[in-house]
Amino acid sequence: MLEIPVMNAPLILRLVGLRYTLLWAQTRTRNGRIALFLAGYLFAGLIVILMTAGGIGAAMVAVRSGQAEPVAQAVLGGLFVNALIASVVTGFGINTAFTDAALRRYALNLRERLAARHLTGILEPIWIFVLGLDLGLATGMYVFGAGSFWLGVVAVVLLLITDYLLARVLATLIEWLSHVRGGTAILFLMLMCACLLPSFLIPRLANAHGAKAAMMAALHYTPPFAAAALMAHAGAGLGRQFGILAGWIEALLLALAAIEKQAARPRGAVAAAAAWDNRYDRIASIFGPAMAPLVGRSLRYYVRSNKVRFNYIAAIPLLAFLTFNRASGATETGPLHYFVRALGAFAVAGFLGTAVMSTNQFGFDASGFRRYFLLPIAPGAILRASSYTALFVGSTLVAAAWVLWLLFAPVPFDPRMAPMLLASGVGGLCLFNALAIWTSLLAARPTNFETTFGNQLSLAANVLLIGGLLTCVFGVVALDKMAGPAAVLRWWWVPIPAAALAIAFYLYSLRRGAIVFVSRRERLLNTLEGRN
Amino acid sequence: MIPAMTPAIEVANLTKKYGETVAVENLSLTVPAGTMFGFLGPNGSGKSTTIGCLTGLLDPTAGDIRILGEPFNDGAVALKRRMGVMPESLGLFDALYAHEFLFFQARMFGLDEETARRRVSELLDAMELGGTGKKRLSEFSAGMRKRVAFAAAVIHGPDLLFLDEPFESIDPAGVASIKQWLHKITAQGRTVFLTTHVLETVERTCSEVAIITRPGKLVWQGDISVLDRDGTIAHDGKEFRTLEQLFLHLTGERYAQLDWL
């Protein structure tokens with residue numbers, strides 16, 4: 001007789017419960033309570049807005065316009081891609097709550113551990129939020145008579161599983177690539193393709209004969225389109241749509257298993273004598289003999305962190321995307337408009353590559369933080385060394401972006417652009433790093449050095465990073481629309497005093513931060529060593 | 001080196017509070033120079049907090065500290081150069097290789113580049129960590145991490161060495177080597193201040209011991225070298241043949257009865 005294996009469901013559910021208990025436990029801290037309040041406030045607001053505009057509202061539009069399926073495709077596709085980007089780029093929803101190794105201590109077999117890991121993953125708040133929005137559409141379409149409720153629910157659940165698995169596959173792939181030799185180069189190419197290919201290919205394909213129809217036909221094999229078809233048609237082609245979604249899930253599960261297996265393969269630890277690599281110390285020596293060992297140590301952390309490396313290589317392609325793409329809401333194209341948008345991109349260029357470490361300068365030190373205060377040096381020097389390193393690493397990005405602009409700038413080139421861009425880059429770098437000193441001191445968090453993914457930043461650091469990026473990108477779009485490029489160029493000298501002000505603010509933050517660093521050291525020590 | 005008569009550590013009325021919680025209360029202690037000094041107490045009695053205050057990690061709420069004959073405060077940078085500390089949590093920078101970490105430590109404590117490199121190589125060999133050049137500290141075993149932390153504490157040849165649980169996780173051969181080095185250090189007139197829960201080790205290694213109870217109150221301090229000669233320690237009208245007997249008597253530690261076990 002065939003024996004059906006039974007999962008240890010109570011234990012798995014208890015682990016899911018534990019995940020939520022741990023999330024809830026974070027609200028016991030002051031920062032956690034602030035985060036909970038803001039998240040709850042935003043969540044409630046978004047639910048109201050999106051359930052009306054994106055979910056049920058979209059369903060109303062879909063049914064009234066007689067275009068139920070295309071509208072469902074657009075809404076589900078948009079949510080699918082946004083959730084994917086949000087989770088892969090920011091790390092929300094793909095933090096590994098329990099690793100396989102951690103789950104081995106419980107009485108769970110391999111399949112059960114797999115189920116526990118993915119159940120805790122897919123029940124993260126972000127996926128529940130996406131599910132709510134998708135369900136809004138399904139409910140709306142049912143209420144307005146454009147589909148079956150239960151088919152819609154099944155379609156939405158399968159779509160969510162596909163979205164989660166795809167995010168997990170991408171994250172695991174990038175994590176693995178960032179650990180293997182040559183992986184960084186592959187990642188860089190992947191990012192360049194992801195950022196630049198769409199704006200290059202789409203206009204050409206749109207004009208090519210038959211290309212649009214072929215693209216639309218291909219899109220019908222994607223999860224959002226299959227789910228939209230299931231939602232809108234209760235009868236015809238049901239099996240085919242189920243098949244497409246099931247096929248995606250199976251393929252993604254197989255891909256995930258293969259990548260995880262590859263990533264879990266132990267890297268050969270070859271016995272080797274100490275190899276003295278002086279590069280870091282040589283670079284650090286420019287900061288003077290007293291500061292050099294500290295900067296050298298800090299530089300090694302920046303260079304060896306997968307998170308920093310990934311963000312560093314992603315920074316310039318991302319900024320190129322934001323400058324030359326219309327995704328930022330810009331409608332005007334042309335060299336001068338690109339230049340105005342580049343001003344915003346330059347302001348955030350140096351900070352983007354290092355933000356994961358510079359906004360939480362001691363978060364990666366764990367118990368090493370303790371050692372700083374045992375060293376025969378004034379504690380202020382530690383803060384300075386750490387911040388100088390972030391500034392130095394970030395400045396290489398500003399320099400690279402500046403050189404690239406000078407070499408490949410869209411013509412006509414105006415000589416006033418060079419100092420403007422440089423001042424914007426330097427000013428932004430100093431301003432953001434000054435603010436990063438304060439997030440490091442006032443909102444420090446213990447952070448895992450080894451991971452590439454997962455958003456481990458504090459709320460303040462997230463506000464600084466995401467808010468800073470959005471302000472720079474949309475600020476210059478607004479400037480472009482309101483003043484226009486000619487006026488921006490006429491006021492070419494403005495970024496220079498602005499940069500000087502930013503430098504002054506940075507120096508003030510360093511000096512004042514050193515005092516706060518000493519006075520808060522016991523609190524920081526407790527936080528970083530996990531005794532919050 | 002400090003004059004023989006100057007105590008290595010003098011603590012007067014040291015108090016450390018965390019809000020309303022008292023971690024160390026009115027602790028007064030004198031550690032003679034050139035001794036191997038054992039600082040004992042049950043879990044949570046304030047040993048690590050005391051070491052934190054004595055090494056500059058924590059700010060005392062009240063009290064005076066003199067280290068190597070000089071007042072110890074926030075600005076005592078020169079004094080810190082003469083101290084070596086191995087914290088309980090080790091305080092390693094996990095992203096570095098062992099030789100990089102030790103080199104960093106040596107440079108921070110003022111050794112020139114050549115001396116620093118030579119000592120790093122010697123220490124790595126002595127600690128049997130010679131083949132770990134391509135392994136980050138995060139990949140080290142607990143015992144290896146402890147050895148690195150010990151090496152970091154001694155690399156600059158300190159006059160006063162603080163060791164918090166130095167022998168835990170280290171294999172017997174490693175422990176024997178470390179004990180030999182510690183004896184060499186004290187034989188040169190330098191001082192070792194160590195905490196551990198392994199009382200047999202203290203009995204065999206230390207010449208003088210202080211025992212504290214919660215919250216950081218000194219209950220006994222004295223010479224224990226008599227135990228090495230099969231002698232006894234007299235206290236409260238009783239004779240104690242081992243340090244463990246004395247410790248349990250002073251701290252009132254008892255075994256809880258777990259019937260189900």
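Strand 1 (residues 9–18) and strand 4 (residues 62–67) of chain B run antiparallel and are joined by five bridges. Strands and helices are DSSP runs (E, at least two residues, for strands; H or I, at least four residues, for helices), numbered from the N terminus. The model is predicted: local features need pLDDT of at least 70, side-chain atom pairs count only at pLDDT 80 or more, and totals for chains, interfaces and linings use all residues. Residues are numbered from 1 along each chain as its sequence is written, while chains are lettered from A and ligands numbered from 1 in the order in which they are written.

**The antiparallel sheet of chain B**
- B:Thr15 has B:Ala62 in strand 4 as its bridge partner.
- An open sheet of four strands has the order 2-1-4-5, with antiparallel pairing (two strands pair if DSSP finds at least two bridges between them).
- Strand 2 (21–31) and strand 5 (70–71) of chain B each have a single partner strand, so one side of each lacks a neighbour in the sheet.

**Strand 3 of chain B**
- Five of the five residues of strand 3 (residues 36–40) are buried, that is, 20 or more other C-beta atoms, placed from the backbone, lie within 10 Å of the residue's own.
- In a regular strand, side chains alternate between the two faces of the sheet.
- Both faces of strand 3 are covered, with B:Met36, B:Gly38 and B:Leu40 on one side and B:Phe37 and B:Phe39 on the other.
- Strand 3 pairs in the parallel sense with strand 8 (residues 191–195) over three bridges, and B:Met36 has B:Val192 as its partner there.
- Four bridges join strand 3 to strand 9 (residues 208–213), also in parallel.

**Chain A**
- Chain A has 22 helices and zero strands.
- Of its 532 residues, 43% count as buried.

Conventions. Buried ≥ 20, exposed ≤ 12 C-beta atoms within 10 Å, placed from the backbone.
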